[in-house]
Amino acid sequence: MNLPVSLAIRGRHTTDDQARAAWAQVMATLREVDAVFSNWQPDTQVARLGRGEITLDDCPPEVAEVLALGEAAERQSEGAFRVRRAGPDGEVVLDPTGVVKGWAVERAADHLRALEATDFCLSAGGDLVCRTLDPETRPWRIGIEHPFDLARLIAVVPVSTGAVATSGTAHRGQHLVDARTGRPPTGVASVTVVAASLTWADIDATAAYAHGRDAARWLRTRPGRTGVVVWADGSTTFIEGPEPINSPAG
């Protein structure tokens, strides 16, 4: 997946053999996902499926699962999010990246959930899934980067059990488009979403960003979501929950 992956862990299993085995399984799962879904490698099943060389029946069942999530996301995002969309030359391209990252990390975290009496915070490319078993234990505190100054935090999100995902252009440049127009959205700099599942936190952060100036309006329609939208002028809109720690800045 070509992403930095890190793990914070606390509780019964931290440096023992069970913890090390779970970490190895996390990384193995992410590598397996990459071998199936990567669009950067021409021989993966998804790359071949996109070129019409194989059918969905020729792919592992996980591919159908991810594409079904993509279809649901397209409906729920009012068409702003799609895994199949027109490329620069007008040809329809299959790109499930917007589903796969959060889905893969959520799936990999199952190996950590198998550790008894152990809390964790698993991060991949800045998106995180967390677990805290004891409700009296302090939550994980997740910092949200300011998209115009990555040395600053614009908010802190306390998460006991759940997920946090951010979509924007600060790290990778302009790579996100509104699937309805094929063009980059305007008026928005980043969107962070907190949800129960990283699969849907990641999808909804991308979909909200694709809505551009309508990002906060759309995100408020999503049940159980909180988060923060940073606008192109540096101002912020909080969708419940997160704790702002900086005043809006350009």
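These legends describe close-up views of a predicted model. Local features need pLDDT of at least 70 and side-chain atom pairs count only at pLDDT 80 or more, while totals for chains, interfaces and linings use all residues. Residues are numbered from 1 along each chain as its sequence is written, and side-chain values use heavy atoms, with hydrogens and water left out.

**View 1. Helix H3 packs against helix H6.** H3 covers residues 61-76 and H6 covers residues 198-210. Helices (H or I, at least four residues) and strands (E, at least two) are DSSP runs, numbered from the N terminus. The axes of H3 and H6 are 11 Å apart, at an angle of about 45 degrees. Axes are lines fitted to C-alpha atoms, for helices over the stretch in contact; angles run from 0 to 180 degrees between N-to-C directions. H3 and H6 are therefore oblique to each other. Angles under 35 degrees count as roughly parallel, over 145 as roughly antiparallel, 65 to 115 as roughly perpendicular and the rest as oblique. The crossing of H3 and H6 is right-handed; that is, the near helix is turned clockwise from the far one by less than a right angle, anticlockwise being left-handed. From H3, Leu69, Ala72, Ala73 and Gln76 meet Thr199, Trp200 and Ile203 of H6. Contact means heavy atoms within 4.5 Å. This contact has five nonpolar, two polar and no charged residues. Here Ala, Val, Leu, Ile, Met, Phe, Trp, Tyr, Cys and Pro count as nonpolar, Asp, Glu, Lys and Arg as charged, and the others, Gly among them, as polar.

**View 2. Helix H4 also packs with H6.** The H4 and H6 axes lie 7 Å apart at about 155 degrees. The two helices are therefore roughly antiparallel. Their crossing is right-handed. On the H4 side, the contact residues are Gly98, Val99, Lys101, Gly102, Trp103, Val105 and Glu106. They meet Leu198, Thr199, Asp202 and Ile203 in H6. By class, the contact holds five nonpolar, three polar and three charged residues.

**View 3. Lys101 and Asp127 form a salt bridge.** The N to O distance is 2.9 Å. A salt bridge is a side-chain nitrogen of Lys or Arg within 4 Å of a carboxyl oxygen of Asp or Glu. Lys101 lies in H4 (residues 97-108) and Asp127 in strand E5 (residues 127-131), so the pair ties together parts 26 residues apart in sequence. Lys101 is buried at 17% relative accessible area, and Asp127 is buried at 2%. Buried means under 20%, exposed over 50%, partly exposed in between (1.4 Å probe, protein chains only).

**View 4. Glu116 pairs with Arg12 in a salt bridge.** Their side chains meet at 3.0 Å, N to O. Glu116 sits in the loop between helix H5 (110-113) and strand E4 (118-124), and Arg12 in the loop between strand E1 (5-11) and helix H1 (17-37), so the pair ties together parts 104 residues apart in sequence. Glu116 is exposed, at 52%. Arg12 is exposed, also at 52%.

**View 5. Arg48, Arg51 and Glu53 are linked in a salt-bridge network.** The closest N and O atoms of Glu53 and Arg48 are 3.5 Å apart. Glu53 is partly exposed at 46%, and Arg48 is partly exposed at 32%. The whole structure has 16 salt bridges.

**View 6. Val230 lies in strand E10 (residues 226-231).** Val230 is buried, with 0% relative accessible area. Not counting residues up to four places away in sequence, Val230 touches Pro147, Ile154, Val188, Ala189, Ser190, Ser235 and Thr236.
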